[in-house]
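Please keep the sequence and the structure in view while reading.

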Amino acid sequence: DNVEWSEEQEASARSKVQENSSQLLPQDKQEEYEVNAKRYWDDFYKIHENGFFKDRHWLFTEFPELAPNRNPSQNGDSVHEFSNKEESNNEGPGSCENGHCSLETRAENQLNLIKSTPKICTEELATQKYSERNQSDGDYPGSSASYRILEVGCGAGNTVFPILQTNNDPGLFVYCCDFSTTAVDLVQNNAEYDSSRCFAFVHDLCNDQSPFPMPDVSLDVVILIFVLSAILPEKMQCIVNRLSRLLKPGGMILLRDYGRYDLAQLRFKKGQCLSDNFYVRGDGTRVYFFTQDELDDLFTTAGLEKIQNLVDRRLQVNRGKQMTMYRVWIQCKYRKP
């Protein structure tokens with residue numbers, strides 16, 4: 001835990017990134033990945049479904065705001081509890097080819113941006129009509145709740161269901177959304193899904209005309225776990241602005257995502273880089289690697305104040321293959337004044 005990097009190690013990582021980003025994908029290929037982003041994520045969830053992901057029970061150590069006896073004022077410097085539980089059930093680094101690490105868990109549940117398919121348009125239209133009809137008179141999913149959480153990029157539900165199982169607060173209501181229709185179907189068809197405590201919906205964060213089912217200034221917590229990194233970098237600020245508007249005063253955004261020079265970034269090959277620190281994996285999904293300052297700029301520009309912004313450097317050892325793997329994550333908590 002909290003491994004210190006030597007200057008030589010940092011220089012070596014910087015050199016690898018310079019090398020693997022020296023050849024950018026042509027613009028037409030980049031646009032193709034953008035336009036087809038939903039299909040790549042739908043395919044990902046169709047292939048892996050539920051068996052690939054582990055529930056994130058570490059959440060309550062790192063983010064006590066999600067637990068039943070939450071303490072919103074706690075700044076939670078407890079990153080030492082998050083070990084390698086962000087791994088998938090497919091143990092080992094065997095799928096790290098082409099920058100595709102099973103160790104990064106791919107339970108990232110990322111949303112991406114693009115033109116919606118007719119199915120999504122239909123679902124979002126239904127959400128919009130429901131939203132417009134009922135928000136005006138205060139009747140929307142979870143409107144009677146006293147504590148509301150939204151997870152963006154819920155994937156197969158590996159954050160949502162641990163929250164529902166662990167937090168028995170009768171006033172709790174959890175919203176969850178994903179860009180992938182397949183992912184939302186997995187959540188809604190899960191035996192643990194309880195529509196009296198949870199509302200799952202398809203949502204394209206990058207479409208600012210895509211409505212949320214809840215009104216602005218209604219949420220206590222927004223969760224972003226390995227999600228923002230999947231968004232086109234130039235669209236990130238607009239998305240953080242949108243999410244911050246949903247928060248009540250005192251509400252928080254909780255984030256965990258990839259840090260600069262993480263193992264996954266160093267393992268990309270030439271020809272997979274889209275722009276600085278932004279890559280496409282072998283399956284067409286994309287990922288960005290952040291610095292603390294970049295995330296601080298995104299959140300403070302949206303009017304939020306910093307509670308926590310730290311780098312979590314881990315050394316993971318696969319004893320079977322005698323491999324050492326250096327992971328770099330960033331964890332943030334930002335609060336609406």
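In this predicted model, Arg 335 and Glu 305 form a salt bridge in which the closest N and O atoms are 3.2 Å apart. The pair links distant parts of the chain, since Arg 335 belongs to strand S10 (residues 323-335) and Glu 305 to strand S9, 30 residues apart. Arg 335 has a relative accessible area of 26% and is therefore partly exposed, and Glu 305, with a relative accessible area of 34%, is partly exposed as well.

The structure holds eight salt bridges, and two others are described here. Arg 256 pairs with Asp 312, with the closest N and O atoms 2.5 Å apart. This pair also links distant parts of the chain, with Arg 256 in strand S5 (residues 247-258) and Asp 312 in strand S9 (residues 305-318), 56 residues apart. Both Arg 256 and Asp 312 are buried. Through salt bridges that share partners, Arg 256, Asp 312 and Arg 314 are joined into one network.

Glu 294 and Arg 260 meet through their side chains in a salt bridge, at 3.0 Å from N to O. Glu 294 lies in helix H10 (residues 292-301) and Arg 260 in the loop between S5 and helix H9 (263-266), so the pair ties together parts that are 34 residues apart in sequence. Glu 294 counts as partly exposed because its relative accessibility is 27%, whereas Arg 260, at 16% relative accessibility, counts as buried, the cut-off for buried being under 20%.

| Glu 294 and Arg 260 | 3.0 Å | 34 residues |

The helix to consider is H1 (residues 7-20), whose 14 residues should span 20 Å at 1.5 Å a residue, and its end C-alpha atoms are 20 Å apart, which agrees. Which residues of H1 are buried, and which are exposed on the other side? Ala 13, Val 17 and Asn 20 are buried. These three residues cover an arc of only 75 degrees around the axis, so they lie on the same side of H1. Glu 7, Glu 8 and Gln 18, on the other side of H1, are exposed. The buried residues of H1 pack against H9, strand S6 (273-275) and strand S7 (278-280).

Methods
Residues are numbered from 1 along each chain as its sequence is written. This is a predicted model: local features need pLDDT of at least 70, side-chain atom pairs count only at pLDDT 80 or more; totals for chains, interfaces and linings use all residues. Side-chain values use heavy atoms; hydrogens and water are left out. A salt bridge is a side-chain nitrogen of Lys or Arg within 4 Å of a carboxyl oxygen of Asp or Glu. Helices (H or I, at least four residues) and strands (E, at least two) are DSSP runs, numbered from the N terminus. Buried means under 20% relative accessible area, exposed over 50%, partly exposed in between (1.4 Å probe, protein chains only). The expected span of a helix is 1.5 Å times one less than its number of residues. The arc is that of the directions from the helix axis to the C-beta atoms. Contact means heavy atoms within 4.5 Å.
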